[in-house]
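Here are a few exercises to work through with the structure open beside you. Try each task on your own before you read its solution.

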Amino acid sequence: MLLAGHLAKVQGLKGEFLFHSVMDEPGRLEGIQGLVLAPPHLNLESAEAAPPARTVALRSFRWHQDRPCLAFKDIPDRTAAEPLKGWALWMPETAAELPEGETFRHQWIGCEVFIAGRKVGEVLRLDPGPAGYDMVVMRDLRPGRTGQRDIPYIKAWWTLDLPNRRLDLDPPEGLLDVNQAGD
């Protein structure tokens, strides 16, 4: 599942929510089947939805003061909506459309990282970085090394072969040793 956003606050008396979207086009939610609401602490990115998470269907979508506003079929009024404030809305990965050459962050997890044909690590996760680059968090598997290395995802440095779970890295010299003293 992919995170679509969070129910920010209840809007009005008809069970509508202002929606904090993390997707580019929240209007696309209208045609998507298999939406799931889950408490914010449940991460459904790689897990199946289980109670208290619940499958929902959109009753309506509209814009309210430049923000998406959603209502769900089984949430008829403000009283039913209030306990769900802050919950996350998830969508099936199959409903997402990626441009050519784009990937989902979770597809990288567990991939082996190679430099000049030699295995040097394994991807633990991708974190958004402050400069707009994702940070590839890699478990360092080089001999005599331990810990993690944060490597910016700069397209020119990486060659992706996700079907074979392999990432080739061509970093600037010394990049992996920048925080070596912290091991």
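In this predicted model, aspartate 161 has arginine 166 in strand 13 as its bridge partner.

**Exercise 1. Decide whether aspartate 140 is buried or exposed, and find its salt-bridge partners.**

Solution. Begin with the cut-off: buried means under 20% relative accessible area. Aspartate 140 has a relative accessible area of 3%, so this residue is buried. Now look for partners. Arginine 142 forms a salt bridge with aspartate 140, with the closest N and O atoms 2.7 Å apart. Arginine 142 is at 10% relative accessibility and therefore counts as buried. Aspartate 140 also forms a salt bridge with arginine 149, where the closest N and O atoms are 3.3 Å apart. Arginine 149 is buried too, like aspartate 140.

**Exercise 2. Classify the two partners of the salt bridge between lysine 119 and glutamate 112 by their accessibility.**

Solution. First check the pair: the closest N and O atoms of lysine 119 and glutamate 112 are 2.8 Å apart. Then take each residue in turn. Lysine 119 has 36% relative accessibility, so it counts as partly exposed. Glutamate 112, at 30%, also counts as partly exposed. This pair belongs to a set of 10 salt bridges found in the whole structure.

**Exercise 3. Work out how the rings of tryptophan 108 and tyrosine 153 are arranged, and which parts of the chain they tie together.**

Solution. A pair of aromatic rings is described by the distance of the centres and the angle of the planes. For tryptophan 108 and tyrosine 153, the centres are 5.2 Å apart and the planes are at 90°, so the pair is edge-to-face. Tryptophan 108 sits in the loop between strand 7 (88–91) and strand 8 (112–115), and tyrosine 153 in the loop between strand 11 and strand 12, so the pair ties together parts 45 residues apart in sequence. Tryptophan 108 is buried, with a relative accessible area of 2%.

Conventions. Residues are numbered from 1 along each chain as its sequence is written. This is a predicted model: local features need pLDDT of at least 70, side-chain atom pairs count only at pLDDT 80 or more; totals for chains, interfaces and linings use all residues. Side-chain values use heavy atoms; hydrogens and water are left out. Two strands pair if DSSP finds at least two bridges between them. Helices (H or I, at least four residues) and strands (E, at least two) are DSSP runs, numbered from the N terminus. A salt bridge is a side-chain nitrogen of Lys or Arg within 4 Å of a carboxyl oxygen of Asp or Glu. Buried means under 20% relative accessible area, exposed over 50%, partly exposed in between (1.4 Å probe, protein chains only). Rings of Phe, Tyr and Trp (its six-membered ring) pair if their centres lie within 6.5 Å; planes under 30 degrees apart count as stacked, over 60 as edge-to-face and the rest as tilted.
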